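Subject: Structure for your review

Dear colleague,

Please find the structure below, handed over for your own work.

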There are 2 protein chains.
Amino acid sequence: MRVILPAGTTETALIDGISAAGASPDLMEHTPSADVEILAYGKPTMAPVTPVSPNGCPTPAAVTRAVREVIDFDVSVVDAGLAQPTGAPTVGLGVEPGADIRNTVAVPDAQAIFDRAHAYGASLPDDELLVGETVPGGTTTALGVLTALGEPAGVSSSLPKNPIERKRQVVDEALTASGGSAGSFDGRPIEAIHAVGDPVQATVAGIAAGALESGIDVTLAGGTQMVAVATVLRHAGVDAPLSIATTSFVDREQGDRLGEACYRLNCALTVTDPGFDAREHVSMARYCAGVAKEGVAMGGALSLVPDDRMEAVLDRFEAVCGRLGIEDEDDGNGSGNGNADDPANSSPEDDRAP
Amino acid sequence: MRVILPAGTTETALIDGISAAGASPDLMEHTPSADVEILAYGKPTMAPVTPVSPNGCPTPAAVTRAVREVIDFDVSVVDAGLAQPTGAPTVGLGVEPGADIRNTVAVPDAQAIFDRAHAYGASLPDDELLVGETVPGGTTTALGVLTALGEPAGVSSSLPKNPIERKRQVVDEALTASGGSAGSFDGRPIEAIHAVGDPVQATVAGIAAGALESGIDVTLAGGTQMVAVATVLRHAGVDAPLSIATTSFVDREQGDRLGEACYRLNCALTVTDPGFDAREHVSMARYCAGVAKEGVAMGGALSLVPDDRMEAVLDRFEAVCGRLGIEDEDDGNGSGNGNADDPANSSPEDDRAP
């Protein structure tokens, strides 16, 4: 099994109140670069930051890495618009960071990115692929593309309380700036990404389309961002079987809507619960409280774990957290405190796109 | 165990009669890009060529990949001056292809490459590293650096009959063009690379120096090219323990000289014989006849194989050759014929640098 991980950035993430992928906005553009280092080496190497949410919840990269330390799988990270250097090996497809979707154009070369990613996906000799993503602000661009394509799916959030109204407002502004409206890009998915998406979407969609065309089984590893990619693929006329694998944290937030979206898109859906609630570890408690939820192929990686190996994954996750300086108890280093001050409201809001 | 593989190019390889790393000169600059795809995916993906010597001997990447399919190890490919795109993930350190060493300058930013590679090597969390290389023309640039530094080691060849006189002539021209002479760069190893080396040397030396400084055990995986890198490190004042791991094919060609060079450089030397002579496979016969010999961390990878797993590696090597279109018998596809028309003269010539 190979996990392909397109990693990139969009200036959309810098909009106030959008993303929890990084403790502060100025460090956030390092998040995907650090994520892929964690996946490749077990901890950040060249990146100057360890991605944690504002309340100290470690990036989903830590979970995916933990899985990799238990059941080895090949990883190919694709540079899908990184804004900062990374010490991890990345496939170079010439992808630049995305602009704020409130600009006229969000991804100037969306079609060229899709085409190059398609060629890359079609070139792979694998029988099956998991394709994940890491892009701060990615649920907002997902809402952008879903709305542009007229798909009534909702989007998730890395924050326990989904700032969905803020996202809708941003998407409305973005569509207006691009001369579009809800549903006006129906059947023109790459143009939707061009207008209100991000470069990671173009990369994931291109790789998936190319791989499917070559007869490779493709699972999109992620939550509502992958619903957006699946929507792009279906609007692009790709009718091959497709699966989405995500975490129970996204599923719980989304309620029935995730399954409904997958049904409409003719996508199989796999939801994996890692059983974090059975442990006392603060990082696991944060995930159970609805922080982070998914990303960096976490749900897809967890879906590969045989039942009798999940305990080992949880052990490794604790070890990875330790390596990242996130201890279970408040050790005064400020990066991981054990106080129960989480906004633990993870109940789903009605964040269905219009 | 992690294998770091700096992969790059130098226009030196295009000089007539220098390299067997690629069937024809115009395809040779694709060789390292294809090598790292073979290592990452098991066969070339985006590269338009399968690297074979003019008589159909597959690249050492096929052997290293075979080892990887038996005893899994992490690989981080570093772009150390690739001239053509690759579908493999690579660490980007901003390294450009090297110039023909007969120019005044061979590697304009040798010091900057070394420094960035040093930072990368120092950042790694591993306990031990194998550092390999793939760069067509690399034994000629190795002879350049060895000569410039006044080190009397010889260099190997990917051809059964080492064109050492041609290499010496090129190196003499190169040193003259740079205003230097044999030994004139004593104690100035990065300047030697700048004048008559290649960007892969600067990258390998930088990574090794950085890793050693961080307390990581480093083995240089390769033959006489790694003797050149070890010489660079010693001239740079790096006195940490250092090992070289290479193949029996290089060792056989070099006779006592390899061990003597390692002794002078205070380097441990590991030579691994994969036992290719016990099989009838045409690719193995080519290696036994002195074609290719080493490269793409082949000797280092083989050194990781427990004795009782070597047969499995040979089985996988046959499978990889099949995947590359190199069958054991002449199947008329022209890429692998079983005729015994090799120039099987693998006796060492006196290719000691002056």
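This is a predicted model: local features need pLDDT of at least 70, side-chain atom pairs count only at pLDDT 80 or more; totals for chains, interfaces and linings use all residues.

**The interface between the chains**

Between chain B and chain A an area of about 1,700 Å² is buried, and carbon and sulfur atoms give 57% of it; buried area here is the accessible area (1.4 Å probe) that two parts lose on being put together, summed over both. Of the area that chain B buries against chain A, 29% is supplied by Tyr41(B), Met46(B) and Pro89(B), more than by any other three residues.

Residues are numbered from 1 along each chain as its sequence is written, chains are lettered from A and ligands numbered from 1 in the order in which they are written, and side-chain values use heavy atoms, with hydrogens and water left out.

The contact (heavy atoms within 4.5 Å) takes 22 residues from chain B and 22 residues from chain A. There are 2 salt bridges between chain B and chain A, a salt bridge being a side-chain nitrogen of Lys or Arg within 4 Å of a carboxyl oxygen of Asp or Glu. Asp74(A) forms a salt bridge with Arg68(B), with 3.9 Å between the closest N and O atoms.

On the side of chain B that touches chain A, at least two residues each come from helix H2 (31-41), strand S2 (74-79), strand S3 (90-92) and helix H4 (110-123) of chain B. Helices (H or I, at least four residues) and strands (E, at least two) are DSSP runs, numbered from the N terminus.

The same surface serves both copies, since 100% of the contact residues of chain B recur in chain A.

His281(A) lies in the loop between strand S7 (267-272) and helix H12 (282-288) of chain A. His281(A) counts as buried because its relative accessibility is 5%; buried means under 20% relative accessible area, exposed over 50%, and partly exposed in between (1.4 Å probe, protein chains only). Leaving out residues up to four places away in sequence, His281(A) touches Glu318(A), Cys321(A), Ile326(A) and Asp328(A). The side chain of His281(A) also reaches the backbone nitrogen of Ser283(A) at 3.1 Å. Ser283(A) is itself in helix H12 of chain A and is buried, at 1% relative accessibility.

Lys43(A) is found in the loop between helix H2 (31-41) and helix H3 (61-70) of chain A and is partly exposed, at 31%. Beyond its neighbours within four places in sequence, Lys43(A) is in contact with Glu37(A), Ile38(A), Arg323(A), Leu324(A) and Pro125(B). Lys43(A) and Leu324(A) are 281 residues apart in sequence, yet 6.3 Å apart in space, C-alpha to C-alpha.

**Salt bridges within the chains**

Over all chains, the whole structure holds 27 salt bridges. One of them joins the side chains of Arg323(A) and Glu69(A) at 2.9 Å, N to O. This pair links distant parts of the chain, with Arg323(A) in helix H14 (residues 310-323) and Glu69(A) in helix H3 of chain A, 254 residues apart.

In chain B, Arg168(B) and Glu165(B) meet in a salt bridge at 2.8 Å, N to O. Both lie in helix H6 (residues 164-177) of chain B, 3 residues apart, about one turn of the helix. Arg168(B) is buried at 17%, whereas Glu165(B) is exposed at 53%.

Glu318(B) forms a salt bridge with Arg279(B), the closest N and O atoms lying 3.4 Å apart. Finally, salt bridges that share partners join Arg65(A), Glu69(A), Arg316(A) and Arg323(A) into one network.

With kind regards

Note on methods. A polar contact is a pair of N or O atoms within 3.5 Å; within protein, one must be able to donate a hydrogen and the other to accept it, and residues adjacent in sequence count only if both atoms are side-chain atoms.
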